[in-house]
Amino acid sequence: MPEDEAFYDNPDVRARYLAHRAQPDNPNTTLERPLFLSLAGDLSNLDIVDLGCGDAAFGQEALRQGARSYTGIEASQAMVDVARQVLANTPGKVDHNRIETWQAQSEQADLVSSRLALNYVEHLQPVFQEMYQALRPGGRVVVSVEHPVITSNFASLAEGRRTTWLVDNYFQSGARVHLWLGQEITKYHHTLEEYFDLVIGAGFELERVRESRPQRDNFVSAAEYERRLRIPLFLAMAARKPNRHRSRA
Ligand SMILES: C[S@@+](CC[C@H](N)C(=O)[O-])C[C@H]1O[C@@H](n2cnc3c(N)ncnc32)[C@H](O)[C@@H]1O
């Protein structure tokens, strides 16, 4: 079983992950969620495919907002089980599959999303090509990843609650093994330039890039807000598949 599947299938890790996500002022709620939702915009009447959907909380929210359909792709069987419970009594679906082996149906979606999951994938070029294939003309891809200044080097995580952040080996893309939630996990570092090239190289028009600048209103604690002003945790990008050009009469 690949390491990332085993990671989230481990009951201790999963319990710690879900507890981490439930903490007040956790970075997903204060930083990633508002950023992602603002880039995703109006979800009504959209067919959505979500790569690395986790517990599919986004699917639940999207369907509540009037999305036409939601399909989550998720590698961990345990997370698939959680996601299916979350989506019970909705039309939302979850495929137990890896992002790397997901095969898009041509023009099946209006929005392809991936939130904090692409860091587990080494070779992203075929994934962006598949996303492009999945989208109808005019459809959009919105992704969030851990920011490259974070993924370049995880040494500062060993401090526990970080007070400094080391950026190092930035131009050495690839695997970074680190301890997270009590277990080793491999994430893949890609530079900012590589992310832009992946989006543009797949044929998308890049619309917006954002770096999870904290907004005071999203934090309970003023001290945590101040701390999050120090370094960007997340990078998010929105891009569009071009509309078909009308042929001249
Ligand atoms: C940090 S969680 C984010 C979950 C969700 N997208 C969210 O933002 O709440 C990453 C998720 O991606 C899944 N994942 C990791 N590698 C994957 C892969 N290669 N294919 C599919 N899912 C993967 C994990 O099992 C986990 O559920």
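1. Helices here are DSSP runs of H or I with at least four residues, strands are runs of E with at least two, and both are numbered from the N terminus. The model is a predicted one, and the points below should be read with that in mind. On this assignment, L233 falls in the loop that joins α9 (222-228) to β9.

2. Is L233 buried or exposed? Its relative accessible area is 8%, and because buried means under 20%, L233 counts as buried. Leaving aside residues up to four places away in sequence, L233 touches P27, L31, V145, E146, H147, I150, S212 and R228. As for Q23, which is 210 residues away from L233 along the chain, the two C-alpha atoms are separated by 17 Å.

3. Helix α8, which spans residues 192-201, has Y195, L198 and V199 as its buried residues. These lie on the same side of α8, because the arc they cover around the axis is only 95°. On the face turned away from the buried side, α8 carries the exposed residues E193 and G201.

4. The ligand is surrounded by 19 residues, of which D4, G52, E74, I99 and R115 are the closest. Sorted by class, this shell comprises nine nonpolar, four polar and six charged residues.

5. Which backbone atoms lie close to nitrogen atoms of the ligand? A polar backbone atom of G52 is 2.7 Å from a ligand nitrogen, while for I99 a backbone N or O atom lies 2.9 Å from a nitrogen atom of the ligand. R115 likewise has a polar backbone atom at 2.9 Å from a ligand nitrogen. Taken alone, the ligand exposes 590 Å², and 97% of that is buried by the protein. The elements that give two or more residues to the shell around the ligand are α1 (3-9) and α2 (11-22).

Notes. Residues are numbered from 1 along each chain as its sequence is written. This is a predicted model: local features need pLDDT of at least 70, side-chain atom pairs count only at pLDDT 80 or more; totals for chains, interfaces and linings use all residues. Side-chain values use heavy atoms; hydrogens and water are left out. Buried means under 20% relative accessible area, exposed over 50%, partly exposed in between (1.4 Å probe, protein chains only). The arc is that of the directions from the helix axis to the C-beta atoms. A residue is near a molecule or strand if one of its heavy atoms lies within 4 Å of it. A polar contact is a pair of N or O atoms within 3.5 Å; within protein, one must be able to donate a hydrogen and the other to accept it, and residues adjacent in sequence count only if both atoms are side-chain atoms. Accessible areas come from the Shrake-Rupley method with a 1.4 Å probe; for residues, only the protein chains shown count as cover. Ala, Val, Leu, Ile, Met, Phe, Trp, Tyr, Cys and Pro count as nonpolar, Asp, Glu, Lys and Arg as charged, and the others, Gly among them, as polar. Contact means heavy atoms within 4.5 Å.
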